[in-house]
Amino acid sequence: MTPSKHDLSRPAPAGRERRRPSFAWLGVLPFLAYATAFLLLPAANVLIGAFRSPNGGWTLDNVATLFEEPYRTAFKNSIEVSLVTALLGGLLGLMIAYSALREGTPKWIRGSLTTFSGVAANFAGIPLAFAFIATLGVLGVVTTFMTETLGINPYDHGFSLFTKTGIEIVYLYFQIPLMILVIAPAIDGLRREWREAASGLGASAFQFWRHIGVPILMPSLLSAMVLLFGNAFAAYATAYGLTGGSIGLVPIVIGFFLSGDVLDNPHLGQALSFGMFVVLGLMMLAYIPLQKLSSRWMR
Amino acid sequence: MKPRRRIAPGAVVWLLVGVAYFFIPLAATLLFSLRDDQTGKCCTLANFSYILHDPTFWKTIRLSFVVALETIAITLALLVPTVYWVHLKVPRLRPLIGFLALVPFVVAPIILVVGLLDIYRGSPEWFYASPYGFLATAYVILAFPFMYFSLDTGFRSIDVHTLTEASQSLGAGWPTTLWRVILPNIKAAALAGSFLTLAIVMGEYTIASLAQFNTFSVFVQYINQNKAYPAGAVTIIAFAITWAAMLALLAVGRGRTAPITEGEK
C-alpha cells in the first residue's frame, strides 16, 4: 500500500500523460474513512470492550462468563440451529437445484427457480416468522387442516413451532433458496462433456458421481454450507419474531442486553458479540480457501 | 444424437418439495389475512383495509423507504467513484476492498449495532437520534458488500481505461467522465445493487429495533404481537415489497447477464 512501491510496480502509462500515481491511492480514502468509522471502529469497540472490566482496566472475566450458563446454552443452541439448517438446507437446496438444472428438466423451470430463490432468500425476518405462525402456529392453517381432516393435532404430539425445531423449520425457508443460488453455478460447471466422456469410457452413473461429480462439487458444497452456517448463526429478526426471545440464541441474548432487560455488566453484551465474531471469523477462514478451490472448475 | 430426454421422476419429486416449501407458508398467510378479525371466518378484505387506514403504517413505510433511498444514494456516491478508481488507477487495492466487503459478514448486524451504539452514544442528537443519520449510516455498511460485488462485476465487464481515455481526449474532466461515460455503462450493476439494498433496508429489523427507530419492520412486529389477522395482511404487503424489489433486480439483471452467461457456454 505504500506509494513508493506502487510507483515502481506500475508500468509507465506510455508517456501520454504525466501523472503522479504515488497519490492515486488517496482516491479510495473517502471510502476507507467511512469503512473505518462505521465498520472497523464498531468491530474494534466490541473486541476491546469484551476485555474491559466495568471499573476500567483489562479482564478476561467477561469472556470466561461466556462458558457459564445461560450463555453456554445460547452458544450451543445457536451452533446447533446453524449446523442443522446448513446441512439440511444444503442437501435440500442441492437436490432441488440439481433437479432443476439436470438434463431433461424444461428450461423455464430453471429461470423461475432463480426468481423464487432470490425472493425467498431475501424474505427473512419478522414477516417470515409470521408466515410460519400462520402456517404451523397453534391456529395455523396447516395445523388446523391436520387437526380437522386427519384428526392429528401436531401440538398434542409434542410438536411446537416455538422451539428450536420450529426455528430450524423457519430458517430452512431462506437457507434452501440461498443454497440453490450459491450452488447453481457449480452444478452448471459440471460439464456435460465430462459426463459423456465418463459414460463413453464405460462408467456407470454411480461411478461418474463417485469419481468425478462429487469430488468436483465438494469444495463448492462445503463452501456453500459454511456460508449457510454463518447466515443462520447471525440471524436475529426471524428467531425474535417467532419466539419473542424465549429460545436463547446468542443474537437474542445480545438483543436483551441492548434493550436494557439485563443490566449488570455492559461489557457482557460486547463479550457475547465477541464470541459471535470468533465463530463467524472461523467460518470466514474456512470459507475463503474453499471458495478459491471451488472456483477452479468454473470458467 | 440422443433424443431429448424427458424430465426425471426424481427431479419432479424434489422440485415439488421446493414448490411446497415456498408456497404453503405464503398461501397460509394469505388465507390468514382474509379471515375476519372477530370471528376468524373467511373471507374479508377488512384486515387489509385496517392496515391501509392505519396512519402508522404509512408513516413507517415512508420512513423506511426514505431511509432506503438515502442508503442507496450514499452507497452509490461512496462506491461508484471508489470502484472506478480502483479499477483504473490502483488495481492492487482491489483485494483490500474485496476483503473489507467480506467483513460485514463477520461483523453481523447484531454485532455492528452493539459497537455503533456504544461508540456514537455521545454524538449529536441530529445524528444519533435520527433514522436519517444513525440508521442510514449503519445500513450503508449492510448494503456495502452487495453493492460492491455488483459494481465490481459491472466494472470488470467494461473497458475502464479506454472509456476514460476516450472521454478525456474529448476534453471531459473527471466529473463529466464519471457521470456521463462511466455511470451509463455500469447502470445495470448499480441498479441491481440498489434494488437489493431496497429489499434489505425495507425488511431490516435488527438494527432498527435495537436502536429504537420505528421503521416498517418494527411496525410489522408490533402488529404481529397485537393483531393476529391484520398481521397476515401486513405480512403479505411486506412480501409484496420484497417480491417487487427482486423482480426489478432481475429485470435490470437480465439485460446485463445474458451476454455473459451465453459467453460461458
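Residues are numbered from 1 along each chain as its sequence is written, and chains are lettered from A, with ligands numbered from 1, in the order in which they are written. Because the model is predicted, local features need pLDDT of at least 70 and side-chain atom pairs count only at pLDDT 80 or more, while totals for chains, interfaces and linings use all residues.

**Confidence**

Colour the model by pLDDT, the predictor's confidence in each residue, from 0 to 100. The model scores ipTM 0.88 and pTM 0.88. Chain A has an average pLDDT of 86, with 90% of its residues at 70 or above. For chain B the mean is 89, and 94% of the residues reach 70 or more.

Select residues 1-16 of chain A: pLDDT stays under 50 there, and the model has 13 contacts for this stretch beyond four places in sequence. A contact here means that the C-beta atoms of two residues, placed from the backbone, lie within 7 Å.

Over residues 256-265 of chain B the pLDDT is below 50, and the stretch has three contacts beyond near neighbours in sequence. Helices (H or I, at least four residues) and strands (E, at least two) are DSSP runs, numbered from the N terminus.

**Chain B as a whole**

Of its 265 residues, 44% are buried; a residue is buried if 20 or more other C-beta atoms, placed from the backbone, lie within 10 Å of its own, exposed if 12 or fewer, and partly exposed in between. Of the contacts in chain B between residues at least 6 apart in sequence, 78% join residues at least 24 apart.

**Where the chains meet**

Bring chain A back. The contact between the chains takes 66 residues from chain A and 68 residues from chain B. On the chain A side, helix α2 (residues 29-49) gives the most, with 12 residues. That side has 43 nonpolar, 21 polar and two charged residues. In this count Ala, Val, Leu, Ile, Met, Phe, Trp, Tyr, Cys and Pro are nonpolar, Asp, Glu, Lys and Arg are charged, and the others, Gly among them, are polar.

Now select α2(A) together with helix α5 (residues 109-119) of chain B. Their axes come within 8 Å and cross at roughly 90°, which means that α2(A) is roughly perpendicular to α5(B). Axes are lines fitted to C-alpha atoms, for helices over the stretch in contact, with angles from 0 to 180 degrees between N-to-C directions; 65 to 115 degrees counts as roughly perpendicular, under 35 as roughly parallel, over 145 as roughly antiparallel and the rest as oblique. Residues to pick out include Phe38(A), Leu41(A) and Val46(A) on α2(A), and Ile111(B), Leu112(B) and Asp118(B) on α5(B). By class, this helix contact has 10 nonpolar, three polar and one charged residues.

**The core**

The largest nonpolar core has 169 residues, of which Ile183(A), Val113(B), Ala138(B) and Leu151(B) touch the most other members. Such a core is a set of buried Ala, Val, Leu, Ile, Met, Phe, Trp, Tyr and Cys residues joined through C-beta atoms within 7 Å. Centre on Ile183(A): beyond four places in sequence, its contacts include Gly93(A), Leu94(A), Leu221(A) and Ala224(A).

Next select Ala239(A), in helix α11 (residues 237-243) of chain A. Ala239(A) is buried because 28 other C-beta atoms lie within 10 Å. Among the residues Ala239(A) touches are Ile167(A) and Ile252(A).

**Loops and backbone details**

Most residues other than glycine have a negative phi, and most peptide bonds are trans. The peptide bond from Glu69(A) to Pro70(A) is cis, with omega near 0°; Pro70(A) is in the loop between α3 (61-65) and α4 (71-101) of chain A. The bond from Cys42(B) to Cys43(B) is also cis, and Cys43(B) is in the loop between α1 (9-33) and α2 (46-52) of chain B.

Finish at the loop between α11 and α12 of chain B, where Gln212(B) is found. Its phi is near 60°, a positive value. Gln212(B) counts as exposed because it has 12 C-beta neighbours inside 10 Å. Asn214(B), in that loop too, is in contact with Thr60(B) and Phe219(B), leaving aside neighbours within four places in sequence.
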